[in-house]
Amino acid sequence: MAFEGLSERLQSALQKLRGKGKVSEADVKEAMREVRLALLEADVNYKVVKDFIAKVRERAVGQEVLKSLTPGQQVIKVVNEELTRLMGGEQSKLELKSKPSVIMMVGLQGAGKTTTTGKLAHYLSKKQNRRPLLVAADVYRPAAIRQLEVLGEQIGLPVFSLGDKENPVRIAEEGVARAKEEGHDVVLIDTAGRLHIDENMMDELKAIREKVKPDEILLVVDAMTGQDAVNVAESFNRELELTGVVLTKLDGDTRGGAALSVKAVTDRPVKFAGMGEKVDALEPFHPDRMASRILGMGDVLTLIEKA
Amino acid sequence: SKTSSSLVGAVGSVLNRSKIDEEMYEELEDILIGADVGVNTTLEIVDRLRREVKERKVKEPAELQPILSEILADLLRGEDGQQGMNIQAEGLTVILFVGVNGVGKTTTIGKLANKYKREGKKVILAAGDTFRAGAIEQLEVWGERVGVDVIRHQAGSDPAAVVFDGIQAARARGADILLCDTAGRLQNKVNLMEELKKVHRVVKREIPDAPHETLLVLDATTGQNALQQAKIFSEAVDVSGIVLTKLDGTAKGGIVIAIRHELGLPVKWVGLGEKVDDLQEFDPDQYIHALFQQEIEKAEE
Ligand SMILES: Nc1nc2c(ncn2[C@@H]2O[C@H](COP(=O)(O)OP(=O)(O)OP(=O)(O)O)[C@@H](O)[C@H]2O)c(=O)[nH]1
Ligand SMILES: Nc1nc2c(ncn2[C@@H]2O[C@H](COP(=O)(O)OP(=O)(O)OP(=O)(O)O)[C@@H](O)[C@H]2O)c(=O)[nH]1
Ligand SMILES: [Mg+2]
Ligand SMILES: [Mg+2]
């Protein structure tokens, strides 16, 4: 790992408190500085960090920590609790109500939409006995349709496409019509990657949404995303009213602080985690594990238990 | 110059205060961290600024701007200044593209192929990503667009063999430049990094001073993990420079400052869109200007 974990940092910051008997507000301030740095190094957006620190400080300066005999552990405990709460606490599932139920995948270029479309279709067919149809609505990226078709072959599921000369809105609409005809109960629409500041491209997504009335609009976010995650998530959510997030490339060694930023600005749950390039590398997302990962605190929970 | 005047605007709005105080430094820290410069490098920049302020006995915030500009440019240019591409005057130049998944390797190859072709060079592409669905076809579309040959094998075949064939074909056809695509891989995947080393070895065995450039492609949207990417890819295949893509978004890619400073890796190209012409040589001054773009806009409002 590139960074030392928060637990070690807090330990050294609070080392000097040992045997002091009582913790002062200044001590808490010092500890909060370490928490702040750890979150920033994990790529949590600096504004999100500010709000978070304010909340934790309030609790820390309150009764809980100052009166404790083990202030270091108490601070970690408070941080972990607040972070888990912010991450969303419970695991969130897909809500597929309509017949057929439409899922739209959206996000920046290269985030992992097409791959995740394949993985999610595979997941729904294997784990939930669904009959998915994949729809290739990226007409811009070279060989994007081919990519989805190859994935479709790998998972043994059909892919609907009208080539790359058609309007993506029409492709989506006809894809859903085809799904109805052929008795598919879920339709996954792969859309082209786009920048959140590209108005024409964002309008295209809105037009697709209007036509196909999706149950789920999932923002696909690369777990390695830095400070810009808030701008991206905020814009996509404002334009499209997202229903959830998929965090990809979590098989890397990033801390993944973007997860927290995205959750904080959209208040939409992260529903799945991408854990690799293969079609079965998709897992339901666990907010509590993500909180520990962001803080780099594999060993923290044991510390808390000792507290 | 353009940079210092833009920084006047930038810092003017950042610091928009009558005096140099703690709050001002903190705001500056936020801007740098918000641009993904990273905590350590940000603290170092601000520390240097504080030192300069003390030494030069600077009193007015207005006087800070050229100093900050100097510090940033210094970090970005490194000791040996900006470095261009190592293109052979005679014979074949081999350029290898590496990086994590989805950063823009294949697209950058298309753009660069176009650039060199326009300069009158004979360019060939090697489809060394045999793993990702549709990767070979994607490179072929770029080859058609730009009008250059693509050497390919079947999906799933050995990437080192594709690159080997690429070199043979480039020699046989008298090409000037061979651009080798590779599959995206996360730097913590040991097997995949070994596979990349093998590709690198094969190139070296054929042409001892090749690859003449090994470019690590970084997505400007990426945060602190990019430093880790740069470290580990460098250890594996001796990276010679960075391509910073997707700078047409709102992300700043500030981690390249730390990468230049800590690892000595220069940024050589920036990607500014998905079209064939959206590639530019990296210009540190312009980059520093863009770092503060939003602040400048805020100030102008
Ligand atoms: N390691 C890893 N790689 C992933 C994961 N998800 C996607 N990828 C890879 O990331 C790269 C980009 O994935 P795509 O599915 O093409 O991304 P996209 O969002 O559809 O890209 P555009 O259509 O160009 O915007 C590919 O190399 C994928 O194999 C993941 O969870 N882990
Ligand atoms: N906005 C923008 N998009 C870019 C830029 N460079 C590449 N892209 C897009 O990013 C996505 C991924 O680009 P690729 O060239 O496929 O990336 P890659 O690194 O080859 O991906 P893998 O081979 O899957 O690892 C595509 O949708 C590209 O069009 C850029 O400079 N700006
Ligand atoms: Mg795609
Ligand atoms: Mg590629």
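Predicted model: local features only at pLDDT ≥ 70, side-chain atom pairs only at ≥ 80, totals over all residues.
Reader: What is the order of the strands in the open sheet of chain B?
Author: The sheet has 8 strands with mixed pairing, and its neighbouring strands are turned by 25 degrees against each other on average, with direction ignored. At the edges stand strand E3 (149-151) and strand E8 (279-281) of chain B, each of which pairs on one side only.

Reader: At about what angle to E1(B) does helix H8 of chain B run?
Author: Helix H8 of chain B, residues 190-206, lies across strand E1 (93-98), strand E4 (177-182) and strand E5 (213-219) of chain B. Taking the direction of E1(B) as the reference, the helix runs at about 175 degrees.

Reader: In which loop of chain B is Pro211(B) found?
Author: A cis peptide bond joins Ala210(B) and Pro211(B), with omega about -5 degrees. As for its setting, Pro211(B) is found in the loop between H8 and E5 of chain B.

Reader: Why is one side of strand E3 and of strand E8 of chain A left without a neighbour in the sheet?
Author: Chain A has an open sheet of 8 strands with mixed pairing, in the order E3-E2-E4-E1-E5-E6-E7-E8. Strand E3 (159-160) and strand E8 (282-284) of chain A lack a neighbour on one side because they stand at the edges, each with a single partner strand.

Reader: Which residue in E5(A) does Met105(A) stand opposite?
Author: Strand E1 of chain A, residues 101-106, pairs with strand E5 of chain A, residues 216-222, in the parallel sense over 4 bridges. Within this pairing, the residue of E5(A) that stands opposite Met105(A) is Leu218(A).

Reader: At about what angle to E2(A) does H7(A) run?
Author: H7(A) lies across E2, E3 and E4 of chain A. Relative to E2(A), the helix runs at about 165 degrees.

Reader: In which loop of chain A is the place of Pro100(A)?
Author: The peptide bond from Lys99(A) to Pro100(A) is cis, with omega near -10 degrees. The place of Pro100(A) is in the loop between helix H5 (71-87) and E1 of chain A.

Reader: What is phi of Lys249(A) near?
Author: Lys249(A) has its place in the loop between E6 and helix H11 (258-266) of chain A. Its phi is positive, in a residue other than glycine, and lies near 60 degrees.

Reader: Which three residues of chain A supply 19% of the area that chain A buries against chain B?
Author: At the interface, 37 residues of chain A are in contact with 38 residues of chain B. The two chains bury about 3,300 Å² between them, 55% of it on carbon and sulfur atoms. The three residues of chain A that supply 19% of the area this chain buries, more than any other three, are Pro142(A), Met224(A) and Glu277(A).

Reader: With which residue does Arg36(A) form a salt bridge?
Author: Across the interface of chain A and chain B there are 4 salt bridges, and 18 residue pairs are in polar contact. Helix H2 (25-41), helix H3 (46-61) and helix H7 (144-155) of chain A each supply at least two residues of the side that touches chain B, and the residues of that side divide into 14 nonpolar, 11 polar and 12 charged. For Arg36(A), the closest N and O atoms of the salt bridge are 3.9 Å apart, which is inside the 4 Å cut-off. The partner of Arg36(A) is Glu29(B).

Note on methods: Residues numbered from 1 in each chain as written. Chains lettered and ligands numbered in written order. Heavy atoms only, no water. Contact = heavy atoms within 4.5 Å. Buried area = accessible area lost by both parts, 1.4 Å probe. Salt bridge = Lys/Arg side-chain N within 4 Å of Asp/Glu carboxyl O. Polar contact = N/O pair within 3.5 Å; in protein donor to acceptor, adjacent residues only side chain to side chain. Nonpolar A, V, L, I, M, F, W, Y, C, P; charged D, E, K, R; others polar. Pairing = 2+ DSSP bridges. Axes fitted to C-alpha atoms, helices over the stretch in contact; angles between N-to-C directions.
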